[in-house]
Amino acid sequence: LGTVERLDESLVALRLLLGLDAGDVAYLSSKSSGGFDAQCTRIPENFIDRDRRGDFFDDAWRRRNQMDYLLYAAADRSLDATIAGLGAERVREALEEHRALQARVEELCGGKARYPCTKTGKPQRSNCYWNDIGCGHACINTVVEEWEKAKKS
């Protein structure tokens, strides 16, 4: 199990558990083109003032959502236990490699990914596997191939 707040750690743990290469979990964020739904309609920003958000998450809220909080805590503990089982140093080294590769992917492919919606919300032909998933995959594959060749030399 993993959480979005610890996405990279979760992907690295999965990679190590399955015996995958660093490039097998490289990605571009599908949300970098803005908040749009499948029809390119803008999803409104959160309307609750940041300073007032705490007012909405009172004790009653926490009680109603107790199971969600427990599931989140369990996922976090599960990831911590998985990392401990894999070896903290091994995961740290793999996470460093992952972050370096991710930085390279974002640098070289970020501007080449064509998402289903432009930044202004106009539909466009994308280079994604499906909807806004896997955008820029051809560029990512090229960067990963170069990364792997550089590692071997």
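Is Glu-97 buried or exposed? With a relative accessibility of 17%, Glu-97 counts as buried (under 20% relative accessible area; exposed is over 50%, partly exposed in between; 1.4 Å probe, protein chains only).

## Basis of the model

This is a predicted model, in which local features need pLDDT of at least 70 and side-chain atom pairs count only at pLDDT 80 or more, while totals for chains, interfaces and linings use all residues. Residues are numbered from 1 along each chain as its sequence is written, and side-chain values use heavy atoms, with hydrogens and water left out.

## Glu-97 and Lys-151

The structure holds nine salt bridges (a side-chain nitrogen of Lys or Arg within 4 Å of a carboxyl oxygen of Asp or Glu). One of them joins Glu-97 to Lys-151, with the closest N and O atoms 3.0 Å apart. Glu-97 belongs to helix H5 (residues 88-109) and Lys-151 to helix H6 (residues 137-152), so the bridge ties together parts that are 54 residues apart in sequence; helices are DSSP runs (H or I, at least four residues), numbered from the N terminus. Lys-151 is partly exposed, at 48% relative accessible area.

## The network around Arg-6

Salt bridges with shared partners join Arg-6, Glu-9, Asp-76 and Asp-80 into one network. Arg-6 is buried, at 15% relative accessibility. Its side chain meets that of Glu-9 at 2.9 Å, N to O, and Glu-9 is partly exposed at 21%.

Asp-76 also forms a salt bridge with Arg-6, at 3.0 Å between the closest N and O atoms. This pair links distant parts of the chain, 70 residues apart: Asp-76 is in helix H4 (residues 66-86), and Arg-6 is in the segment before helix H1 (7-18).

Methods: Helix = DSSP H or I, 4+ residues; strand = E, 2+ residues; numbered from the N terminus.
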